[in-house]
Amino acid sequence: MDGGMDIGDDFVGDGSNFIGIVPTFITPNNLTRFHLYEKLELAGETGVHRFRCLLKDTTSIPESTLIRMLSSWECVYIHKQEVGDYEQYLKDNLHIILANDSIAMETRSLLFTDLCSDVILGVLKANFGFPRLESKTLASLKGLVSKAIGFISNIDSLKGLVTLIGHDYETHTHSIKVGWLMAIFVKANPHLFAVSGRTELEKLVVEATVMGFLHDIGKAKIPSSVLNKKGRLNNLEYVAIQAHTAYSVSLLFDSDFPKYVMEGILYHHENEDGSGYPCRLKYDEIPLFAKICHIADVFDALTSERPYKASKTPYEALAIMTGKNPNLEILHQMEQEVWEGGAAPVSVVVRNEKNPDIRRLKHESRLNKEAEKRVEARMKLRDNGMAHCFDPELLKQFVLTLNRSESFDFSTLI
Ligand SMILES: [Fe+2]
Ligand SMILES: [Fe+2]
């Protein structure tokens, strides 16, 4: 402890041992787990502050007074030593905080995303080199989602999600957004599922969310040099990335995940016309959850910034997703080439080189360049329209669902 002082005493220092938190996240119960401080200026001192403990004994203050006090503070601080307790407090009280309408939607969304990010990052780290996802981790994720489900399946929470759209494309943030979109979609379209009653629907929403959260978990097994590559992917890298669906499923093997959730994860890159992966399924062969995950996945991928491309607006993304591609035949030819390993033609320049070493090097770089060009061309072609990738009826429902939020107006696309 600083200078032999105890938590609960006043501290004087540069503040590096304290972090600011949102006072309205605090509900009066459970406060005894950690201490709250206010930051006071010290006359004549720069860079040094006094941190005064605000509530030493919360039980002595009436609850209504405490609530009034908390809402009057703009920022309060906690000591770094108690961050663990504070985080646990947030997880335990998530359902109360997310339901608190006096906290801005954006702030609540960020809290939820942060907490889920932590869990998913933990899952990713814990599973490097391990064949399966620990059931304990899965249970904690399900618990978190169950607490948050009212919030994330509420169409109004999309307003919070909008603030995250266009941001980074880290696998974990992407997965949260996909899970969130799936929750909203399932909640808004119960007629698509054979469920009777609220409890069954709620269970389905939890499963859809957790599925979204974990759909790309297999990326933990893909080399980060490939995942974070700043240029276009060549065929080798592209095919390596495709393996993530199988890895995701193998990590979840033997978990208590229902089969249809596992299948949804395995097939979330299957296209409606059979041009997707891993099994080239088409139309009715693709399970419903996989189709929904595919739509949410592509919507988030297009609206997020990636190392090699700027983000599209939600409107642009949906215009691409619903658009008919005039060059569909060419696009299919290219997909076919990748599927079959694509023997790239060796150029005349390479054949004419006399030195075998240089010839080999030139050959390799030529192949890479050609592969990169094809992937680039394929992406450009994709931007002309991806309607062939999705179930048209589900995509329409997806647009309608997003359109219900005041955050978007897609009426011209419907
Ligand atoms: Fe994926
Ligand atoms: Fe994804």
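The legends below describe close-up views of one predicted protein model.

Residues are numbered from 1 along each chain as its sequence is written, and chains are lettered from A and ligands numbered from 1 in the order in which they are written. Because the model is predicted, local features need pLDDT of at least 70 and side-chain atom pairs count only at pLDDT 80 or more, while totals for chains, interfaces and linings use all residues.

**View 1. Helices α8 and α12 pack at an angle of about 35°.**
Helix α8 covers residues 198-214 and helix α12 residues 259-266, and their axes (lines fitted to C-alpha atoms over the stretch in contact, with angles from 0 to 180 degrees between N-to-C directions) are 10 Å apart. Contact, which requires C-beta atoms placed from the backbone to lie within 7 Å, is made by E207, M211 and L214 of α8 with V261, G264 and I265 of α12.

**View 2. Helix α13 is mostly covered.**
This helix (a DSSP run of H or I with at least four residues, numbered from the N terminus) spans residues 288-303 and reaches 23 Å from its first C-alpha to its last. Of its 16 residues, 14 are buried, meaning that 20 or more other C-beta atoms, placed from the backbone, lie within 10 Å of a residue's own.

**View 3. Confidence is lowest in helix α16.**
The pLDDT, the predictor's confidence in each residue from 0 to 100, has a mean of 50 in α16 (residues 348-351), whereas the highest, 96, belongs to α13. Over residues 342-349 pLDDT stays under 50.

Conventions: Helix = DSSP H or I, 4+ residues; strand = E, 2+ residues; numbered from the N terminus. Contact = placed C-beta atoms within 7 Å. Expected span 1.5 Å × (residues − 1). Buried ≥ 20, exposed ≤ 12 C-beta atoms within 10 Å, placed from the backbone.
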